[in-house]
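Trainee: I would like to go through this model with you, term by term. Please set each value against its definition.

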Amino acid sequence: MQILLVGAGLSGAVIGRFLAEAGHQCRIIDRRPHIGGNCHTRRDDETGVMMHVYGPHIFHTDDRQVWDYVNRFAEFLPYRNRVKTTVGNKVFSLPINLLTINQFFGKALRPDEARDFIASRADHSITDPVSFEEQALRFVGADLYEAFFKGYTEKQWGCSPRDLPASILKRLPVRFNYDDNYFFHRYQGMPRQGYTQMIQAILDHPGITVELNTDFSPDMSRQADHVFWSGPLDGFFDYRLGRLGYRTLDFERFTYDGDYQGCAVMNYGDRAVPYTRITEHKHFSPWEDHRHSVCYREYSRAAGPDDIPYYPIRLVREKALLEEYLTKARQTRGVTFVGRLGTYRYLDMDVTIRESMDTAQMFLTHLKNGKAI
Ligand code: FAD
Ligand code: UDP
């Protein structure tokens, strides 16, 4: 079969590889001048540092098959994400852990004492937290919420944490020990030569052709037996029902002679600081030796029609609109909507890979059984 895959990010690459290995011809297009989608990495011209061009990407998963898959295409080196945050001119450790609690409150609590102490500050009148703010007040109390979450979240999402779902905060743990690893997952690492090299290796198959700087046009789908669409869901339907909301990011680059902040990611919790965080990219490759440094200040804002969509917003308006688009998608024969943009969900890389493998497998099973797709 002739398969068209729109988007040369992780979704397009993994599905393309799976189907090419099953004997299908896969044409992958991307409107950008490079492969890798938002996982794209490249060496900085001036400093030689490996840059996470669309923001910091750390690989973490509990899925053994996914871990084996990425290790088949790239050498992964151990990497732990240890994030710091600057609040009121002081630096604290994230996610909130025993060190954060002890430093913030000027105490020397042991785990059980800290648990009781935080419980005593939490708002127990909230029994079923629905919003981000309620979730924070219920589990960490007003002091930690206002220092670490309120300002940062207002900057990141452009709205009050009262209007955001509790699920956003549930991504972050609170620990009553000194473990400052941002993630829980069993397998964590960083590809030695960056994500783009890994995705290049996934795409390296005789059944796959890649065309960059190439926007989708409807006659392309007429030449294909099936389309996998990893572009924006609403974009496929020419935004006919309206646009799904996204936050976009602006990165302000600067260089520094030496080590600028001593870690890869420094968040800024204060509302008065206009950016959310600073990323110092050389710390993503601690096995490399770079004297000069290159950093990104990261600003978040509502995405306009020409901006890169980063974070799906999924508030009430978007959820209703999403349902309408999903109905249209289900009625569209010959097209499968995949990935972060095609399904309008925040997906980590491991989930993207898992879903891509499962989608491709299901497609092959349907083909074998002669089912319409
Ligand atoms: P994308 O990477 O967005 O690829 C879609 C591609 O489709 C794009 O290249 C686009 O140019 C192309 N396209 C769209 N429309 C068209 C069209 N009409 N014609 C042609 N091409 C088109 N995950 C982690 O596991 N760990 C992290 O630390 C992490 N950090 C992240 C940080 C940020 C700031 C963001 C935004 C995401 C992060 N992620 C992280 C998630 C990760 O980026 C995604 O899982 C992954 O990029 C999803 O891949 P995808 O192929 O579905 O989408
Ligand atoms: N968050 C915060 N302060 C921080 C880090 C995160 O308030 O220092 C909030 C913010 O709303 C963010 C959410 O917690 O969207 C989830 O954090 P995560 O690090 O998973 O953010 P993402 O990967 O979405 O940027």
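**Terms and values**

Mentor: Start with the domains: the C-alpha centres of domain 1 and domain 2 lie 35 Å apart. The model is predicted: local features need pLDDT of at least 70 and side-chain atom pairs count only at pLDDT 80 or more, while totals for chains, interfaces and linings use all residues. Residues are numbered from 1 along each chain as its sequence is written, and chains are lettered from A and ligands numbered from 1 in the order in which they are written.

Trainee: What makes up domain 1 and domain 2?

Mentor: Domain 1 takes in 2-80 + 188-242 + 313-368, and domain 2 is 95-170. The bounds come from an automatic or database domain assignment.

Trainee: How many residues surround ligand 1, and which are the closest?

Mentor: There are 33, with Gly7, Gly9, Gly37, Gly231 and Gly339 the closest. A residue is near a molecule if its C-beta atom, placed from the backbone, lies within 6 Å of it. α1 (10-21), α12 (339-342) and α13 (349-368) each supply at least two residues of that shell. Helices here are DSSP runs of H or I, at least four residues, and strands are runs of E, at least two, all numbered from the N terminus.

Trainee: How does the shell around ligand 1 divide by class?

Mentor: It has 13 nonpolar, 13 polar and 7 charged residues. Ala, Val, Leu, Ile, Met, Phe, Trp, Tyr, Cys and Pro count as nonpolar, Asp, Glu, Lys and Arg as charged, and the others, Gly among them, as polar.

Trainee: Which residues come nearest to ligand 2?

Mentor: Of the 13 around ligand 2, Phe149, Tyr152, Thr153, Arg171 and Asn267 come nearest. The elements giving two or more residues are α6 (142-157) and α7 (167-170). α6 gives the most, with 5 residues. By class, this shell has 7 nonpolar, 5 polar and 1 charged.

Trainee: Why are α5 and α6 called roughly antiparallel?

Mentor: The axes of α5 (residues 132-139) and α6 cross at roughly 155° and come within 9 Å. Axes are lines fitted to C-alpha atoms, for helices over the stretch in contact, and angles run from 0 to 180 degrees between N-to-C directions. Angles under 35 degrees count as roughly parallel, over 145 as roughly antiparallel, 65 to 115 as roughly perpendicular and the rest as oblique. α5 and α6 are therefore roughly antiparallel to each other.

Trainee: What makes β5 and β6 edge strands?

Mentor: The open sheet has 3 strands in the order β5-β9-β6, with antiparallel pairing. β5 (59-61) and β6 (76-78) each have a single partner strand, so one side of each is left without a neighbour in the sheet. Neighbouring strands are turned by 40° against each other on average, direction ignored.

Trainee: How do you know that β6 and β9 pair?

Mentor: Two strands pair if DSSP finds at least two bridges between them. β6 and β9 (residues 187-191) are joined by 3 bridges and run antiparallel. Phenylalanine 76 stands opposite proline 191 in β9.

Trainee: What about β12 and β15?

Mentor: 11 bridges join β12 (residues 246-257) to β15 (residues 292-302), again antiparallel. Arginine 247 has alanine 302 in β15 as its bridge partner. β12 and β15 belong to an open sheet of 7 strands in the order β8-β7-β13-β14-β15-β12-β16, and its pairing is mixed.
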